[in-house]
Amino acid sequence: MKVGNALMDDETDQTGMVDYAWDHAVISDRVYNNIKIKCNFSRPNPTQDCKKALNAYFDVYYIIDMYNLYIPTCVSNSSISSNRQHPVIQGVAPQIFSKFDGWQKRLAGYDPCAPNYTKVYLNRPDVQKALHANVTNVSYPWTQCSEIVPVWWDSPASLLPTLKKLIAGGIRIWVLSGDTDGRIPVTSTRLTLNKLGLKINKEWTPWYTHHKQVGGWTIEYEGLMFVSIRGAGHQVPSFKPRQALQIVRHFLANKKLSSTPF
């Protein structure tokens, strides 16, 4: 089983998001220290002081892309771009962070304007007819992620018990993390894996991709492999397609990634 840049544990995921933002010069010392003092991510309901501190954190992600810190944002002057709503973030949200508008409204994808094109295309009557979509003629347009149900409350606070069961059952697991993702950053994933308390069979090791370039790093745990992808954002195949394919091929063949240049 491959797990990519996934939300796995509310406490460590949220802690890691804030730590990553500070470590990558996204938020100031003041914002970081405020969150550390006023927020307890082991509790599902934040205090008013914590909410205020987190709002300052999310303000930054209105002007840069949470999915990849180092790509440009969409600045098209077209009516499509200027009138659009930022789509709801894809996937499950941590129970505290999901309460904030800043979490819900994020840009996504390699082309920062891709949601614009997709929304226009999939709302065309001829496209919907061809896809047999919207047969009930709903009153609202298609969006990348629906704001009709803005928050999903059915998700567990942690998937660590599930991961432990899978590992105990002999299921082979690779956990992947693009290291420029601010959405579920590599810091969050590493904190979560540390919380599992697994034995380390092979320490931090580089793996190589084409032209003798470092593709990222691995840690081999008892029953689980961690793989970071250097320079990749949240959607690894969008940002690093060659490396993503290399990882898929090695996983399916049950082979370790090359630790020597080639």
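Me: With which side chain does the side chain of Thr 209 make a polar contact?

Reply: A polar contact is a pair of N or O atoms within 3.5 Å; within protein, one must be able to donate a hydrogen and the other to accept it, and residues adjacent in sequence count only if both atoms are side-chain atoms. Here the partner of Thr 209 is the side chain of His 210, at 3.2 Å. This is a predicted model, where local features need pLDDT of at least 70, side-chain atom pairs count only at pLDDT 80 or more, and totals for chains, interfaces and linings use all residues. Residues are numbered from 1 along each chain as its sequence is written, and side-chain values use heavy atoms, with hydrogens and water left out.

Me: Is Thr 209 buried or exposed?

Reply: Buried means under 20% relative accessible area, exposed over 50% and partly exposed in between (1.4 Å probe, protein chains only). Thr 209 has 1% relative accessibility, and therefore counts as buried.

Me: How many disulfides does a search of the whole structure find?

Reply: A disulfide is a covalent bond between the sulfur atoms of two cysteines; the criterion is a pair of cysteine sulfur atoms within 2.5 Å. The search finds 2. One joins Cys 39 to Cys 50, with S to S 2.1 Å, and another joins Cys 74 to Cys 113, with S to S 2.0 Å.

Me: Why is the disulfide of Cys 74 and Cys 113 right-handed?

Reply: The torsion about its S-S bond is about 100°, so the disulfide is right-handed.
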